Amino acid sequence: MRRAAFAVAAGAMAVSLAACGSAKQSGGGSSSASSGAKKGDAIKVGLLLPENQTARYEKFDRPLIEKKVKELTNGKGEVVYANAKQDASQQNQQVETMITNKVDVLIVDAVDSAAIQNSVQKAKEAGIPVVAYDRLAQGPISAYTSFDNETVGKTQGEALLKALGDKAKSGKIVMMNGSVTDPNAAQFKKGAHEVLDGKVNVGKEYDTKDWKPENANTNMEGAISALGKQNIVGVYSANDGMAGGIITALKAAGISNIPVTGQDAELAGVQRIVSGDQYMSVYKPYAPEADAAAEMAVALAQGKSLDSVAKDKVDSPTTKQVPSVLVPVQSLTKDNIKDTVVKDGVYTVADICTAQFKAACDKIGLK
């Protein structure tokens, strides 16, 4: 079974990123918790994750956050969990339930960063600080942690250019971006375009509804029909799940040996990299992100300052100077699987190199 015994601490992984975006209102960005009596270790942390289709949330984020909260509270802290299953309305209802249940702090990975705003406001009015997790939720959030998202897109774009080499302008590439409801998707797209624009010919570009692999598959089928399979030289895919749907469409059309990017280092994605079906993924170590969220949530619940944890400041469309922890990322290819996800304990070689992939693993020296 895969393990998530990362050795990297969140503080060491944090990097500086200039605050971006506009602010329509101030407030919510203080580095200390909202007023009120300080609490001890017996706190209640509400954890709201956005969906269960992407492997990371249930396999990594949830257990890592639960573990860290227990560690920080001497086993006395409780995590109350709910998953919105990609339904923004359901997530808003879950916030209401958390408020009714009087949690001391919320960690929210928003399905829709704009749609969650009113719920964040209600939480604040109830005296419950909100940590925006992985996606920069709108509203008066008290803290934020995620990865350097524009760098993710740049990393993907640079890898695609490297894979294409002198074929970069010999045909068309397809760009499969993420969901428009996810602010991270816009940042991935921006970073990718900064690298790719002028160096490739983008034949078709899509914003993929709900990040779903089946929607990416349908979009890719449309791109193949519109561009002609002989004219497609590569695909920018914003994550591994969509890459799976894309590669299925490519194979069905008889297209092989073209680079496809990804993100999240999902096990299926890593295995496709081993087999050569997918060129790369972006390795985002979940432990430092999860640890940072837990550390900030516990501090806020206990009325403590975030200054020792959150070294960065980020602006959302609604809130200025939000205390933040931003985690760097790494390009994952067949050449560094052992030095990244295996070394960090995300997967074992046995997890990756099942019978179907053993020969491919042997070929790249993954033993």
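Mentor: A nonpolar core here is a set of buried Ala, Val, Leu, Ile, Met, Phe, Trp, Tyr and Cys residues joined through side-chain atoms within 4.5 Å, where buried means under 20% relative accessible area, exposed over 50% and partly exposed in between, with a 1.4 Å probe and protein chains only. This is a predicted model, in which local features need pLDDT of at least 70 and side-chain atom pairs count only at pLDDT 80 or more, while totals for chains, interfaces and linings use all residues. Residues are numbered from 1 along each chain as its sequence is written, and side-chain values use heavy atoms, leaving out hydrogens and water.

Trainee: Which residues touch the most other members of the largest nonpolar core?

Mentor: Among its 92 residues, those are I107, V174, M220, L250, I337, V341 and I352. Helix α10 (residues 286–301) supplies the largest share of this core, 12 residues, helices being DSSP runs of H or I with at least four residues and strands runs of E with at least two, numbered from the N terminus.

Trainee: And what is I337 in contact with?

Mentor: Beyond its neighbours within four places in sequence, I337 has contacts, meaning heavy atoms within 4.5 Å, that include V270, I273, L332, I352 and L366.

Trainee: Switching to T333, is that buried or exposed?

Mentor: T333 counts as buried because its relative accessibility is 15%, and it is found in the loop between β12 (330–332) and α11 (338–342). Not counting residues up to four places away in sequence, T333 touches I273, Y279 and M280.

Trainee: Which residues are buried in α4?

Mentor: In α4 (residues 117–125) they are S119, V120 and A123, whereas N118 and E125 are exposed on the face turned away from that buried side.
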